[in-house]
Amino acid sequence: MTSLKFSYSLKLFKESLKQSRHIMIMHTILLLLATILPAQIAIADLAERIKEYYPTILNMRADYTYLISGFSFFAMVVMHLASFSTMSFSYLYNSRSAIFYGTLPYKKSTMFFARYLSGIVSLLIPVIICYIVNAFVFLGHNELLGGVDFIWYTKNWMFVALTYLLIYSLCTFAANLSCNTFAQLIIMGAMILLYPSVVFILAETVNVMMNTYMIDYSLNAFYIFPPFAAVFRASDINYTITSIIAIIESIALTGLGYVGYIKRRTEKVNNFFAFSSVNSVLKYFITFLCSAGFGLLLAAVNRSNKEIAYIGYIVFGFVGYAIIQMIFEKTPKAMFKNMKGLIIFLVIISLLASIPVFDILKLEEKMPNPEKFEKVAITKIDSVSSYWNGDTEIVLTQPESIKAACKLYAKGEQKLQNYGRRFRLTPNNSIFTRRTYALSIEDITEFLKSVYNNNDYKNAIKIQDDAFDRFGTDLRYRYYINKNAFYGRKEVADKEIINKLVETFNSDLINTKAEDIDFTEAYAFINIPGGDVAVFKEYKNTVELLEKEFVVKPDYASFKKIELKSSTKDEVEHTITDPEKIKFVLDNVTDYYHDASYSKGYHICYETIDGQKVNHIAWVTESFLKKHNIL
Amino acid sequence: MISIKNVTHTYEKETVLENLCSEIKLGSIYGLIGSNGAGKSTLLNVIDGIFKPLSGEVLIDGINTYENPVLKDKIAYVPDDPFFFNSYSMDEMAKYLNQVFESFTMEKYKEIKAHFPLESSKKMNTFSKGMKRQAAIIFALSQSPKLLLCDECFDGLDPVIKQLVKRNIIAEVEKNNMTVIISSHNLREIENLCDVIGILHNKQIILERSIDDIKEVVNKFQVAFENPLPDDAFSEIDIISKQSKGSVTELVTRGNKDLVKAKLNDLKPVILDTLPLSLEDIFIYEMEANGYDFSKILV
């Protein structure tokens with residue numbers, strides 16, 4: 001049996017490193033160009049922005065370091081790595097070079113580690129050079145950037161280095177399983193996409209085929225392949241954990257690459273992959289992804305008809321299988337050659353789709369038991385209108401709140417599952433039991449009455465003291481009241497007013513009881529980063545402050561008439577000329593399509609006295625207008 | 001002694017070598033003959049420990065060559081199509097080999113290189129095929145190897161260089177008791193260099209003969225008799241081939257030349273001449289005697 005004992009040769013390492021010197025130089029130049037040039041542009045832009053808007057600079061260092069953690073930098077790193085890393089073991093792909101290296105008086109293990117280490121060192125030296133050079137550039141703009149935080153700066157570069165290590169190890173793994181660079185890139189792509197693609201397919205199958213279940217497949221992707229954190233600029237990931245994962249994954253991939261190197265036969269240069277098992281695994285993996293992906297696409301288009309979606313899923317599974325077979329075997333004859341494999345594959349695909357489509361496990365009927373949960377995450381609901389507003393979630397922990405949430409859960413209506421805005425409930429933060437429902441106004445009102453007086457709910461709803469500090473303490477605050485957004489937004493630069501508003505709102509929230517509030521009508525919405533908060537007319541102090549400092553009253557006298565256009569047909573269905581009615585309608589339009597699922601919605605078009613016509617994207621519903629005798 | 005013991009090697013599902021056995025004496029020059037695709041290169045790769053055989057082993061003085069850095073340091077291999085780093089000159093390549101092979105010395109390199117008309121400072125990617133082969137031989141000999149493996153190394157060399165290479169190889173054999181295994185599909189090319197010839201065919205070495213022995217024991221005679229002889233007249237002579245044209249018979253015999261001649265003289269021939277016999281002729285007769293069609297084995 002081949003020995004897997006570690007051995008090492010400094011001489012061989014040095015020689016391999018020496019041969020990489022041209023790559024190192026080129027890589028250093030590219031990295032410097034890719035960091036310093038954009039950094040200079042960002043800094044120049046920053047200086048301009050300071051002149052225009054900001055009295056002082058806040059977190060603008062982020063702009064600079066984003067350069068080494070953003071998508072473009074990551075894409076460049078992957079491009080470099082893909083081209084440079086493939087070189088360490090590319091000699092395996094040519095019989096002449098493979099034989100030459102085979103004649104050298106070293107064990108395979110010695111050769112592997114010499115090549116691996118020289119490769120990673122030749123890639124990391126440019127990173128270290130760039131780290132140092134950029135530090136000087138960074139220091140050069142010390143004043144502008146508001147101080148240099150080298151721990152933070154170093155942490156970013158460390159993440160770059162770890163990305164290099166991980167991708168290089170992945171390259172090594174792929175290189176030792178392949179017989180050419182193209183095959184190597186295919187393995188790398190398959191490995192990178194393994195987790196996201198499988199989770200995407202499975203999660204989307206559940207999301208498309210089931211009425212009330214929902215899986216958020218973006219979760220945890222960073223922890224499976226940490227460089228994704230850079231791609232998606234994840235701000236909330238734990239860098240320590242991702243770094244540890246990157247190291248463990250690098251070691252694992254290097255180990256597997258090493259086994260591949262030891263076990264592969266030197267003469268395997270004319271095949272596509274060095275091991276026939278890789279061919280089979282990849283073939284079925286790609287077949288699964290393609291067929292399930294195509295099937296899912298058809299199912300997504302026909303989600304209102306599950307039977308068609310199901311048949312489409314299987315038919316595309318069949319077609320996908322046949323096409324991939326043909327591509328891998330390089331002959332159309334291979335499409336239906338492996339009938340046994342095709343049948344097994346179709347059975348798997350059918351079973352996979354049958355579970356959600358026919359709800360074999362009766363999951364849709366399964367209702368949660370509130371006594372089992374310590375907490376639930378629920379779509380933020382603070383008024384009937386805000387229910388339709390975005391995906392922000394709040395976490396409830398008090399037993400009464402959990403009970404109310406679960407009651408809401410049981411009352412949810414599956415028929416509305418096609419609507420984008422749905423009520424979501426996630427017991428114990430589990431992504432696998434996230435359920436989605438649509439709700440009626442009555443249910444929402446009942447829920448709000450049940451939870452409003454609870455501390456966990458109020459804590460979740462209240463505006464945090466730093467809610468407006470996201471862009472720095474001296475930024476102009478982007479702030480408007482939705483109800484009057486029609487008349488324009490008001491930006492407020494005065495920190496004191498903002499603080500007073502936050503304080504007043506939170507005080508009103510705490511001091512008002514559920515019994516006193518009419519949850520169906522919010523007076524206004526305050527837009528804060530991460531979602532809106534509803535202001536009820538019962539929040540007297542907040543309303544008073546808003547009217548005094550923020551709200552711009554519309555000039556109703558200038559309105560000659562308003563036209564109500566159907567939201568679906570874009571045709572004028574009603575014209576209102578009575579000034580009182582005009583005032584009422586305009587006072588009650590909203591930015592959001594609330595209640596619209598139960599009633600027809602209208603867009604507003606108004607004409608001023610001087611004949612000027614203006615279309616405005618705001619909503620008012622038929623039921624509301626009828627209720628108030630406008631129509 | 002180099003012992004090749006029951007070596008079997010496959011490419012994909014095709015068996016190239018099957019239970020191949022051979023014993024090669026240290027200090028000898030062994031000519032490995034076979035047609036294109038017979039498995040000569042594969043066998044050399046297995047001997048050098050580059051390819052791991054599916055079964056069997058190659059031992060040098062009882063030690064397996066596969067994954068054995070100490071032994072590999074003493075083996076030099078000149079492949080059919082040698083590899084050099086793209087932008088390297090001969091001198092740069094020599095420096096690299098000097099670093100990675102303990103046995104490679106720059107002194108020896110300079111000494112061997114001096115015999116060949118090559119510009120050592122020129123980039124080797126500008127070299128012709130023949131020049132690359134010369135360079136590979138120079139590098140191989142600079143290792144002062146105990147075993148030199150040459151795969152079709154005379155292909156593409158002009159006659160003068162061919163002789164130069166042969167002289168250098170022989171000199172190393174004499175000086176260092178180096179063992180050489182040379183593969184070729186052309187017997188004539190290596191017949192005056194080798195001590196032993198082995199023929200690789202049908203995944204095995206089907207014939208292995210020492211040149212001295214074979215030249216000594218295989219002879220060709222032309223005989224004529226006054227009266228036709230009975231069929232069993234030559235029964236005491238080991239005849240490989242017998243061809244009659246009228247009253248003249250050509251015999252290829254195995255055994256001591258003088259003894260065979262004496263036996264033929266006992267039959268009172270009117271003509272008895274010894275005819276010249278090339279190594280290729282000898283192999284043709286030997287192979288035919290063993291039931292092989294030599295024309296299908298060598299080009």
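Me: Before anything else, what does buried mean here?
Reply: Buried means under 20% relative accessible area. The model is a predicted one.

Me: OK, take A:Phe159. Buried or exposed?
Reply: A:Phe159 has a relative accessibility of 7%, so it counts as buried.

Me: Where is A:Phe159 placed?
Reply: A:Phe159 sits in helix H7 of chain A, which covers residues 150-175.

Me: And how many residues lie between A:Phe159 and A:Ser243 along the chain, and what separates their C-alpha atoms?
Reply: A:Phe159 and A:Ser243 are 84 residues apart along the chain, and their C-alpha atoms are separated by 7.1 Å.

Me: What about A:Thr504, buried or exposed?
Reply: A:Thr504 is buried, since its relative accessible area is 14%. The residue lies in helix H18 of chain A, residues 495-511.

Me: What is A:Thr504 in contact with, leaving aside its neighbours within four places in sequence?
Reply: With those neighbours left out, A:Thr504 is in contact with A:Asn541, A:Thr542 and A:Leu545.

Me: Step back a bit. How many helices and strands are in chain A?
Reply: Chain A has 21 helices and 12 strands. Of its 631 residues, 52% are buried.

Me: And its contacts, what share comes from residues 24 or more positions apart?
Reply: Counting contacts in chain A with a separation of 6 or more, 72% are between residues 24 or more positions apart.

Me: Which residues of H13(A) are buried?
Reply: Among them are A:Ala309, A:Tyr310, A:Tyr313, A:Gly317, A:Gly320, A:Tyr321 and A:Ile324.

Me: Why do residues three or four places apart point the same way?
Reply: An α-helix has 3.6 residues a turn, so residues three or four places apart point the same way.

Me: What covers the buried residues of H13(A)?
Reply: The cover includes H8, H12 (276-301) and H14 of chain A.

Me: At what angle do H12(A) and H13(A) pack?
Reply: H12(A) and H13(A) pack at about 145 degrees, and their axes are 7 Å apart. Their crossing is right-handed. By class, this contact has 15 nonpolar, eight polar and two charged residues.

Me: And what comes after H13(A)?
Reply: A:Lys330 follows H13(A), and its phi is positive, near 60 degrees.

Me: Now chain B. What should the 18 residues of H6 span?
Reply: At 1.5 Å a residue, H6 of chain B (residues 159-176) should span 26 Å, and its end C-alpha atoms are 26 Å apart, which agrees.

Me: Which residues are buried in H6(B)?
Reply: The buried residues include B:Ile161, B:Leu164, B:Val165, B:Ile169 and B:Val173, and also B:Lys162, B:Lys166 and B:Glu172. The buried residues of H6(B) pack against several elements of chain B, including strand E3 (29-33), helix H5 (129-141) and strand E8 (179-184).

Me: What about phi of B:Asn19?
Reply: Phi of B:Asn19 is near 50 degrees, a positive value in a residue other than glycine. B:Asn19 is in strand E2 of chain B, residues 14-24. With 42% relative accessibility, B:Asn19 counts as partly exposed.

Me: And B:Glu67, buried or exposed?
Reply: B:Glu67 counts as buried, at 18% relative accessibility. Phi of B:Glu67 is positive too, near 55 degrees. The residue is in the loop between strand E5 (63-64) and helix H2 (69-72) of chain B.

How values were computed
Residues numbered from 1 in each chain as written. Chains lettered and ligands numbered in written order. Predicted model: local features only at pLDDT ≥ 70, side-chain atom pairs only at ≥ 80, totals over all residues. Heavy atoms only, no water. Buried < 20%, exposed > 50% of the residue type's maximum accessible area, 1.4 Å probe, protein only. Helix = DSSP H or I, 4+ residues; strand = E, 2+ residues; numbered from the N terminus. Contact = heavy atoms within 4.5 Å. Axes fitted to C-alpha atoms, helices over the stretch in contact; angles between N-to-C directions. Left-handed = near helix turned anticlockwise from the far one by under 90°. Nonpolar A, V, L, I, M, F, W, Y, C, P; charged D, E, K, R; others polar. Expected span 1.5 Å × (residues − 1).
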